[in-house]
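Thanks for coming. I will go through the charged side chains today, pair by pair. Please have the structure open.

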Amino acid sequence: MGLFDRVRKIRESLDLPCPGSFEALHREAKSVLASPQYLFEGAKIELQSNLSPNFQVTHLMSFASQANPNQYIFGAVYGGPRSLLQGQIDTDGSLFARAHYNWKLPPPPPLFTDIYEQAAYMARPQPQSTTKFIAQLSTDDGHSVINLEHDHVGKDYAVNVKLFNPNIVDNPPKYAEPIPDNKHLFGNSKNTSTTGIFIASFLKSITKNLTVGAEYLLQKQTPEMEESNISFVARYSGRLNEHFTRMNESVKAYPPRPNIPPPPPYIPRYVLTATYQPANGVFNASYYYKLNHRLEMATELQALVNGRKEALCSAGFKLDTHYATIRGIVDSKGKIGTVLEERLAPGFAFTLSGEMDYSKGQGGVGKLGFGFSLEA
């Protein structure tokens, strides 16, 4: 038996879980904290129409906001077994386009004995290999972005490569001495330069609960300026297997919403994730705790530990009731925000968003938003 086969058998005997993608390391905490994607100002109306099981269009109208003018956004999404196509265009002429292609489809789900096992399989990250293309074209100079990405998630590891605005034939640096075109090979010339932002990351499951990884960033937005950075990450997940009896008692005391399966026993009860960049001293940590199947809590710390010492701490919660979802957040700078999403009828929801920033002085500055969402 060769060395490769021995290593493969050892890996299979460990039965390590799939770590998921690198960008989803803080997914549990981000899903709880009322981030800017939930908080808004003014009024908005969202209409969503499902024209077929694979195709839907959306109309989003926002107005009465001090920060942003009145705006209308039209979007369309097509999703198939392997591909995803999404596009948005607004009244300012800005265009957003996204395309995904899955080279490796997940295996068909096995036969489940109960809904707990089915819910656990549906929520667990699965191995995949996806190529992504994202384009954001803006009418403002310097705000257009082209992103090429490939995300490969294996059984117990994950590799991700991103390219932002890559250009291999950009102008040469001003200090470079040009040479005749007939005296060099392509890619070795002082007449051209490669610019863009290039990111490569790697994740590996060490045990059933611990995942470690690293990310390397090379930033060269102009031919004369180049900057690189490396980040180290660690993620520890506490599983619910040892708390299965306690969770069952919670489900019986507080039944889940209609048509929502009970929480699977494998879902992490607590998740601690930390990211550190030694070059600039940026430290980011998040902690997620699932109190029961309705209440989730999270906190996040962003700190600068080198040179000027600064830190920002945020804490929030997410509460699901039968017909509503409530999110709340508070940070160490004196900002408080909350979002209420009330499901008035099937396919019809009302959203109320409020934010108060006491760091502005003079009693604080508040923002209020409300909106309606209709699905047909």
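A salt bridge here is a side-chain nitrogen of Lys or Arg within 4 Å of a carboxyl oxygen of Asp or Glu. This is a predicted model, in which local features need pLDDT of at least 70 and side-chain atom pairs count only at pLDDT 80 or more, while totals for chains, interfaces and linings use all residues. Residues are numbered from 1 along each chain as its sequence is written, and side-chain values use heavy atoms, with hydrogens and water left out.

By the salt-bridge rule, the count is 7. I will take some of them in turn.

Start with E355 and K335, a salt bridge whose closest N and O atoms are 3.8 Å apart. E355 sits in strand 18 (residues 348-357) and K335 in strand 17 (residues 335-345), so this pair ties together parts 20 residues apart in sequence. Helices (H or I, at least four residues) and strands (E, at least two) are DSSP runs, numbered from the N terminus. K335 is partly exposed, its relative accessible area being 33%. For those words, buried means under 20% relative accessible area, exposed over 50%, and partly exposed in between, with a 1.4 Å probe and protein chains only.

Next, D156 and K204. Their closest N and O atoms are 3.5 Å apart, and they form a salt bridge. D156 is in the loop between strand 7 (145-153) and strand 8 (157-170), and K204 is in strand 9 (residues 193-205), so the pair ties together parts that are 48 residues apart in sequence. Is D156 buried or exposed? D156 counts as buried, at 3% relative accessibility, while K204, at 22%, counts as partly exposed.

Now K30 and E300, a salt bridge with its closest N and O atoms 3.1 Å apart. This one links distant parts of the chain: K30 belongs to helix 2 (residues 27-32) and E300 to strand 14 (residues 295-304), 270 residues apart. E300 is buried, with a relative accessible area of 6%; K30 is partly exposed, at 39%.

There is also a network of salt bridges, which links R27, E28 and R235.

Last, K132, in strand 6 (residues 128-137). At 12% relative accessibility, K132 counts as buried. Its side chain makes a polar contact with the side chain of E23, at 3.5 Å. A polar contact is a pair of N or O atoms within 3.5 Å; within protein, one must be able to donate a hydrogen and the other to accept it, and residues adjacent in sequence count only if both atoms are side-chain atoms.
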